[in-house]
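Trainee: I have a model open on my screen and would like to learn how to read its features one at a time. Could you take me through them?

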Amino acid sequence: MILITGAAGKTGQAAIKALVARRQPVRALVRRDEQIQIVKFLGAKEVITGDMRDATTLKKATQSASAVYHICPNVNPDEIQIGKTVIAAANDADVDRFVFHSVLHPQTEEMTHHWNKLRVEETLFESGLSYTILQPASYMQNVLAGWQAIVEHGVYAVPYSVETRMSMVDLEDVAEAAAVVLTEPDHLGATYELAGPEVLTQSQIAEILSKHIERKVRAEQIDIDQWTRQAQASGMGQYQIETLIRMFRYYDHYSFWGNSRVLSQLIKRQPTRFEEFVERTLRGRTQH
Ligand SMILES: NC(=O)c1ccc[n+]([C@@H]2O[C@H](COP(=O)([O-])OP(=O)(O)OC[C@H]3O[C@@H](n4cnc5c(N)ncnc54)[C@H](OP(=O)(O)O)[C@@H]3O)[C@@H](O)[C@H]2O)c1
């Protein structure tokens, strides 16, 4: 039985699908009762409802599990403590392998949520567990949050320079890589950077969108104050807002990109290009 934490989030759902496709039994840890149906529909065999910060919940969730795939909720102020709690529970349950969903470049202190993941990695090194660490770049799926503005107004808005370079990765490729390291031998002790196959500026992303959406799409930098007002209106917490602003400033200064060789090796094919992701997204939307 493979336990997935954060199972009802977008990464968790992709991981369930990839593991179920390999006929692996999945136990999903979700926070709310309404999420039980979502993960069951995707094929999770067992579901535990509870708070990831709670050791008793984690004890129950890890019991008799052979492996744990730990996915912490995004930009969570308690990420280090949650990591320690999950690692301790996995150790007590004597699991065979522990896969931590980290992030590309956790070494960047300036990005608090990356730096917190580095501390969890450190805890893992010292835990005695057989571990694998995955460090994905930002997901292509993040573009979907602004899909309506792209399609209806031809604007791809980002709160950093349109010249920012990124090697976005398809979450489905990341989930496939996770399924590989969770089920195949020879990945223990490894730390894998998972980046997409192209390094694109935001303007190049807009050009690709233009080509496929059949309308001119332009990349536009929105200012941080405007982004903050929108984030506050959507109910985002202060910690998340401040942390994401630091990340946007970092992207703006240094870009955020990596290499896709490791990912191709893991999934034994070329990782998805952004153009292919857009085509797949459009096919999915016309089918609904
Ligand atoms: N997005 C990217 O581009 C990217 C790239 C690399 C790495 N990552 C990392 O991937 C991880 C997952 O991101 P995501 O966007 O898939 O996450 P997400 O969609 O925010 O999902 C998190 C899930 O965890 C649940 N949750 C929140 N607090 C909880 C708690 N205390 N106890 C139990 N469950 C709780 C959430 O439930 P509710 O709905 O109730 O909140 C949600 O179902 C993050 O650590 C992120 O840093 C993301």
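Trainee: Is Lys268 exposed or buried, and what is its relative accessibility?

Mentor: The general idea is a scale of relative accessible area, on which buried means under 20%, exposed means over 50% and partly exposed lies in between, computed with a 1.4 Å probe on protein chains only. Lys268 has a relative accessibility of 62%, so Lys268 counts as exposed. Before we go on, please keep in mind that this is a predicted model, in which local features need pLDDT of at least 70 and side-chain atom pairs count only at pLDDT 80 or more, while totals for chains, interfaces and linings use all residues. Residues are numbered from 1 along each chain as its sequence is written, and side-chain values use heavy atoms, with hydrogens and water left out.

Trainee: With which residue does the side chain of Lys268 meet in a salt bridge?

Mentor: A salt bridge here is a side-chain nitrogen of Lys or Arg within 4 Å of a carboxyl oxygen of Asp or Glu. Lys268 meets Glu184 in this way, at 3.7 Å from N to O. Helices (H or I, at least four residues) and strands (E, at least two) are DSSP runs numbered from the N terminus, and in those terms Glu184 lies in the loop between α7 (171–183) and β9 (190–194), whereas Lys268 lies in the loop between α11 (261–267) and α12 (274–287), so the pair ties together parts that are 84 residues apart in sequence. Glu184 is partly exposed, with a relative accessible area of 23%.

Trainee: How many salt bridges does a search of the whole structure find, and which residues are linked in a network?

Mentor: The search finds 16 salt bridges. Lys211, Arg273, Glu275 and Glu276 are linked in a network of them. Another salt bridge joins Glu46 and Arg27, whose closest N and O atoms are 2.8 Å apart. This pair links distant parts of the chain, since Glu46 sits in strand β3 (residues 46–49) and Arg27 in strand β2 (residues 26–30), 19 residues apart. Glu46 is partly exposed at 33% relative accessible area, whereas Arg27 is buried at 5%.

Trainee: In what order do the strands of the open sheet run, and which strands are at its edges?

Mentor: As a general idea, strands of a sheet pair through backbone hydrogen bonds, either parallel or antiparallel; two strands are taken to pair if DSSP finds at least two bridges between them. In this model 7 strands form an open sheet in the order β3-β2-β1-β4-β5-β6-β9, with parallel pairing. The edge strands are β3 and β9, each of which pairs on one side only.

Trainee: Over how many bridges do β4 and β5 pair, and which residues of β5 are buried on each side?

Mentor: Strand β4 (residues 67–70) and strand β5 (residues 97–101) pair in the parallel sense over 4 bridges. Val68 stands opposite Phe98 in β5, and His70 stands opposite Phe100 in β5. Both faces of β5 are covered, with Arg97, Val99 and His101 buried on one side and Phe98 and Phe100 buried on the other. Because 5 of the 5 residues of β5 are buried, the strand is largely enclosed by the rest of the structure.

Trainee: At what angle do helices α5 and α10 pack, and which residues make the contact?

Mentor: Axes are lines fitted to C-alpha atoms, for helices over the stretch in contact, and angles run from 0 to 180 degrees between N-to-C directions. Angles under 35 degrees count as roughly parallel, over 145 as roughly antiparallel, 65 to 115 as roughly perpendicular and the rest as oblique. Helix α5 (residues 112–125) and helix α10 (residues 238–254) pack at about 95°, with their axes 8 Å apart, and α5 and α10 are therefore roughly perpendicular to each other. The contact (heavy atoms within 4.5 Å) is made by Thr112, His113 and Asn116 of α5 and by Tyr239, Thr243, Arg246 and Met247 of α10.

Trainee: Where is Glu121 found, and which residues does Glu121 touch?

Mentor: Glu121 is found in helix α5 and is buried, with a relative accessible area of 3%. Not counting residues up to four places away in sequence, Glu121 touches Phe100, Ser102, Pro106, Ile133 and Gln135.
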